[in-house]
Structures are given as structure tokens and as C-alpha cells.
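Hello,

Here is the structure I promised to pass on to you. Have a look at it first, and then read on for what turned up.

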Amino acid sequence: MTTTRRPIYVLNGPNLNLLGVRRPEVYGTTTLADIEEAVRARAAAGGWDVEFHQSNHEGVLVDRIQEARTEGAAIVINPAAFTHYSIAIHDALEAAELPVVEVHLSNVHRREAFRHTSYVSLQADVVIAGAGAFGYEMAVVHLLRTLKG
């Protein structure tokens, strides 16, 4: 479905390209391609397009956030390891001035202590952690309601 609305940007950080094979006991067996397909379907059902991206490079994600600032309607972001130390991503999200949903596949609060700190959460309107791949769909549903209003 193609709309004239600005798309929802779905951004994924380092190692998420390995979903389905990397630590399936923690991250599940769903691949990033599976997540993209589900997100696109959920967004399309609400009349929205999606820009879906993954990068292992912090600066590329900052570039995408800055692109979303002028081209997007909202951001769903799973910053992965960048969650815990990227002030650059924090600052880019702050400058974007868009609705932001932070997503984590695992419940980061039940894991190592260093995973309990998120610079991204300081800029997120909503944080979804521990819902697995379905967390992305939950994020889109939230944004569909937010953008509708």
C-alpha cells in the first residue's frame, strides 16, 4: 500500500541482522525479514507505509533518524547495543521531534546490569521490552493510535 503520508521509520541496530541464528534462546528464531514482513502488514492495515532499516554502524542510524526528522511520521527503534551508550542516537532522537517507540526483544531488566541503562529511553514515548518479535507490532499499533489522534 502506498500512501501520501510520511512513513513510519523502523530502525534496527547492530547484530539484529543475525536474528534467528544468534542466541535463539534469548532473541527467538524469528528473523529480521520476518519482523519486517509483520510490521509492514500491520502498518499497511492501518494505512501507513514503513521505511525499514538495519545497520551495524551508529552513524548510519543517526543519518536515518535525521532523515526521519524531515521524511517520517514516527520512529520505532531497536538500538540493540547502542541503547546503553549512544549519546549520538539519544541526541538525534531528541532533534527528530517525532513520536518514538523503543523496542527490545528480550526483557533487558532481567539481564546483565549494564543492559538496564538506556540513553534511548530518555527520548522514547514508549518502551517495549520482552515481548519478542511481537514487540515491533505492538509498537506499530501504538503509533497507529498516536498518529491517528
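The side chain of His104 makes a polar contact with the side chain of Glu102, at 2.6 Å. Please keep in mind that this is a predicted model. His104 sits in strand S4, which covers residues 100-104. Is His104 buried or exposed? Its relative accessible area is 6%, so it counts as buried, the cut-off being under 20%. Apart from neighbours within four places in sequence, His104 is in contact with Asn78, Pro79 and Thr83, and also with Ile128, Ala129, Gly130 and Ala131. The UniProt record, an unreviewed entry, lists His104 together with Tyr27 under "active site".

Next, a glycine to look up. Gly72 is located in the loop that runs between helix H3 (58-71) and strand S3. With a relative accessible area of 2%, Gly72 is buried too. Which residues touch Gly72, leaving aside those within four places in sequence? They are Arg6, Pro7, Tyr9, Glu67 and Leu98. Glu51 is 21 residues away from Gly72 in sequence, and their C-alpha atoms are 8.4 Å apart in space.

Finally, the surface. Tyr85, Ile87, Tyr119 and Leu122 make up a nonpolar patch there, and together they have about 420 Å² of accessible area. One of these residues, Tyr85, belongs to the loop between strand S3 (74-78) and helix H4 (87-96).

Enjoy exploring it, and write back with any questions.

Best wishes

Notes. Residues are numbered from 1 along each chain as its sequence is written. This is a predicted model: local features need pLDDT of at least 70, side-chain atom pairs count only at pLDDT 80 or more; totals for chains, interfaces and linings use all residues. Side-chain values use heavy atoms; hydrogens and water are left out. UniProt positions are given in the numbering used here, feature names are shortened, and annotations may be inferred rather than shown by experiment. Helices (H or I, at least four residues) and strands (E, at least two) are DSSP runs, numbered from the N terminus. Buried means under 20% relative accessible area, exposed over 50%, partly exposed in between (1.4 Å probe, protein chains only). Contact means heavy atoms within 4.5 Å. A polar contact is a pair of N or O atoms within 3.5 Å; within protein, one must be able to donate a hydrogen and the other to accept it, and residues adjacent in sequence count only if both atoms are side-chain atoms. Patches are made of residues with over 30% relative accessible area and no salt bridge: like charges are joined within 9 Å, nonpolar side chains (Val, Leu, Ile, Met, Phe, Trp, Tyr) within 5 Å. Accessible areas come from the Shrake-Rupley method with a 1.4 Å probe; for residues, only the protein chains shown count as cover. A salt bridge is a side-chain nitrogen of Lys or Arg within 4 Å of a carboxyl oxygen of Asp or Glu.
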